[in-house]
Amino acid sequence: MFLSSRPALPYPQRQPLHDLASTRRIEHTAAAMPAPGDLMAKAGLAIAKLTLALAPHARHIWVACGPGNNGGDGMAAALQLLRLGKRVSVTRCATSAQIPSDAAQALLELQQAGVTIGDTPPNQVDFCIDALLGIGAHQEPRGEVSERIAQINDTYKPVLAVDTPSGLNAETGVASRHCIKANWTITLLTLKPGLFTTQGRDYCGEVWLDDLELGDIVQSTPGQAWLGAAIPASPRAHASHKGSYGDVAVIGGASGMAGAALLAASAALHSGAGRVFVGLLDSSLPLLHPEVAELMLRRVDQIDLRDKTVVCGCGGSNAIQDHLHGILTSPSPVVLDADALNALAMLPQLQADLRRRAIQVAPTVITPHPLEAARLLNISVSAVQSDRLSAAHELTKRLECTVILKGSGTVVMAPGELPVINPTGNARLATAGTGDVLAGMVGARIAQGSSAFEAACAASYQHGLIADQWSSTRPFTASILARSARF
């Protein structure tokens, strides 16, 4: 069993994320093995063992089962808990005609053990197991199932969801109007992408994986995406100098918005770039930052962009539009954020410039939040959020660059790469300027030699990790985040 959702602990390696079709292929491969074993019995044991670990003193456990194999897993778990001396109440939302053969066997064994399957929730339980709907359920829960979801949520008792919280789409992370709010989720056989993006983190709680002793098959089966992991820092040679770690030029800071450019520049500096230049679009600003004297402030037309990684758009307002054609037609690596993305959405010529960069092998990263992604795709924000992986894929396809689609479960995608869902970060990042900081961190990593895709993955992970590890007793702002970046 592998604990997968404690981002404060660095993940040792990327983990594959499997959609429904991929998970079904693994199940079929396992069923064709010479000694396949009983997957449902293994699932029941895994659920029971985790229940005992999470709630060792719970005496009365309610297992709410649904019509499919997810309900069968719940009944197999109930049988194991009964054998371990727990008082178990089982309810089921299905008729015998609806039940698959494996689940029917689990039901028979439970009845033979003397357990009565009820149709009303028990009173005074200590712990709930949600085994109502599995990963194949994509419709809004209705009828008796939706009533059970409401009843479980209304108990205010700890809840363990089986495979995915009932009502949550395991592929997209979109929660239905009726959705279990779990404290923990045990996902069986594979990790699913919806557990880590959109609303998944809010509804799943801590996510645990049990591969049911089929880890080799799971790891060898191509997934839909990866769950991101920490990328170890490379030691710096003693015989090195500032020129060894690249230059970053931040172009932005229009009237009243200089702070955004300075945040990105500070993040690039603290992330290890050798030198950081700031091209301010507001010519009335002083050319010295008293708190970060290392930043080299210039008028934007005084910066030679050759041999620099350009971070563009932070606080740029409409003034950034006059500079984007020149930036995008340069061979310099470019990170586009904020107002640069708004200009890109409005001006087709800039999109053509961006696509040509792929032919010229000039690295480019864009960092949209959902509203900016919606503008670039000419769709609604809800359409972006309804399938974040597909939205990131479409952006990558149209613009032929690396995409960081920010949000809960940030998606990083690049041409020719499987997408990565970043597991770190929390609501501390929901404050002005944190996106500018991420852009600066990405730029610094590219300047130091990382590919655009690896820079995007590593910066996204570290950006979220800082927020995860931050003490709840200390204030957290974008300036603090920028200064906390490490290389």
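Throughout these legends, a residue is buried when its relative accessible area is under 20%, exposed when over 50% and partly exposed in between (1.4 Å probe, protein chains only). The model is predicted, so local features need pLDDT of at least 70 and side-chain atom pairs count only at pLDDT 80 or more, while totals for chains, interfaces and linings use all residues. Residues are numbered from 1 along each chain as its sequence is written, and side-chain values use heavy atoms, with hydrogens and water left out.

A disulfide here is a pair of cysteine sulfur atoms within 2.5 Å. Cysteine 457 is buried, at 7% relative accessible area, and its sulfur is too far for a bond because the closest cysteine sulfur, in cysteine 401, is 14 Å away. Cysteine 204 is also in no disulfide, its nearest cysteine sulfur being that of cysteine 179 at 8.0 Å. With 0% relative accessibility, cysteine 204 counts as buried.

**View 1. Take a look at the open sheet of 11 strands with mixed pairing.**
Strands (E, at least two residues) and helices (H or I, at least four) are DSSP runs numbered from the N terminus, and two strands pair if DSSP finds at least two bridges between them. The order is S2-S10-S19-S18-S17-S16-S15-S14-S11-S12-S13. At the edges, strand S2 (15-17) and strand S13 (296-299) each pair on one side only. Strands S10 (residues 225-227) and S19 (residues 420-421) run parallel and are joined by 2 bridges; tryptophan 226 has valine 420 in S19 as its bridge partner.

**View 2. Two aromatic pairs are shown here.**
Rings of Phe, Tyr and Trp (its six-membered ring) pair if their centres lie within 6.5 Å; planes under 30 degrees apart are stacked, over 60 edge-to-face and the rest tilted. Phenylalanine 127 and tryptophan 184 are stacked, with 6.0 Å between centres and 20° between planes. This pair links distant parts of the chain, 57 residues apart: strand S6 (residues 127-131) holds phenylalanine 127 and strand S8 (residues 184-188) holds tryptophan 184. Phenylalanine 127 and tryptophan 184 are both buried. Tryptophan 470 and phenylalanine 476 are edge-to-face, at 5.5 Å centre to centre and 65° between the planes, and both are buried.

**View 3. Now meet two charges over tyrosine rings, lysine 181 on tyrosine 203 and arginine 236 on tyrosine 245.**
Such a charge has NZ of Lys or CZ of Arg within 6 Å of the ring centre and within 35 degrees of the ring normal. Lysine 181 lies 5.8 Å from the ring centre of tyrosine 203, and arginine 236 lies 3.5 Å from that of tyrosine 245.
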